[in-house]
Amino acid sequence: MSSGPPNKRPRTDSGPTPLKSQLTRDVEFWFSDGSIILIAGNTLFRVYHGVLAAHSVVFHDMLQFPHPPSSPSLDGCPTLDLSDSPADLRHLLRVLYPKPATRFMRRSADAPVKFEHVSAIVRLSHKYQMDAILKDTMSYLTEYYSNYYHEWLARDKKPLQVKPLQCIEAVALAHLTGTNTILPTALLECAMSDGECLFKGYAREDGTVVMLSSDDIQRCFLGYRELKDLDAISIRTVARIVGEGEMRTGCVQPYTCRMVMHAFWGMVHSSATTDGDVLRPWAELLDKYKAPGDVGFCGACLAVLRGYPSLVSGRAGTWYKLPQIFGVVVPQWNAIS
Ligand SMILES: [Zn+2]
């Protein structure tokens, strides 16, 4: 068995080959009886090739023939160079070879899942044709970047934990996998992000920077302008309601309710300049606005205000137009009710 320097290892992609002295064993994935060593960057992962082949068409095809004695190996174990980052590969291996400490915690229905984990698994399972894993992992993205209005409004209760600018990666994953249902809301988040940061892109754990394409940047700028126009119309509608006396019909605390209405109007008006959640119905916020002394609208005023369709569902109209606003075709959007 050869244990010489792995300077002629087969690679799944081009890239510099590290010297043997630079290679280090991964702390998390080094099974002493593993049957293959994967090399990603300078890190060695000793795992079981049968498991890789069972999940992946690509690995199955690569590993279906017996390992010739002349092939590269380390310490008697065949090696395979991968062009992936160690961090990405580690995420995938956590799915393929779950440890006892993680097996019993993962996938309890609503357990939080980091975006980085989902992103890495989607990219690698797509690359290595691990269809079942890809489908399962994509469900985190389609649940968060939902094509259902009320699901989108409740996205902060979803298992997927998304940080600012990870929407850029979400757009990239939508393109990679041809999942257009993700695009309208992922582009919406991009459009509402800080413009300067958007141009700098999103940096993954391994330092790789993901950028929007020029087409997607254009979609964000045009979409942002249209969203602000639609929001201005919505705000003018609220202004008319604020100015109407009808809300005071039956009011038991006219002075206080006027104060609360001022606070509510201040929120509506400020959202025009703070890029708040442009799809959230105004009525969801009615309970939050208080007059001094922490007093809110009286029941009669709340009932009147909740009777205004433009407060309850006015922004849903923007939701229905979202694919069109961002210039993407999503037939499934029509099924939303
Ligand atoms: Zn009142």
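Two strands are said to pair when DSSP finds at least two bridges between them. In this predicted model, strand β4 (residues 73–74) meets that condition with β5, the two pairing in the antiparallel sense over 2 bridges. Within this pairing, Leu-74 stands opposite Cys-77 in β5. The two strands form a hairpin with 2 residues between them, and there Asp-75 takes a positive phi near 50°.

Strand β2 (residues 36–40) pairs with β5 in the parallel sense, over 4 bridges. One point of this pairing can be located by residue: Ile-37 has Thr-79 in β5 as its bridge partner.

The description now turns to a pair of helices. Helix α9 (residues 183–191) packs against helix α11 (residues 214–243) at an angle of about 80°, and their axes are 9 Å apart. Angles of 65 to 115 degrees count as roughly perpendicular, and α9 is therefore roughly perpendicular to α11. On the α9 side, the contact involves Leu-187, Cys-190 and Ala-191. On the α11 side, these meet Asp-216, Arg-219, Cys-220, Gly-223, Tyr-224 and Leu-227.

Conventions:
Residues are numbered from 1 along each chain as its sequence is written. This is a predicted model: local features need pLDDT of at least 70, side-chain atom pairs count only at pLDDT 80 or more; totals for chains, interfaces and linings use all residues. Axes are lines fitted to C-alpha atoms, for helices over the stretch in contact, and angles run from 0 to 180 degrees between N-to-C directions. Angles under 35 degrees count as roughly parallel, over 145 as roughly antiparallel, 65 to 115 as roughly perpendicular and the rest as oblique. Two residues are in contact if their C-beta atoms, placed from the backbone, lie within 7 Å.
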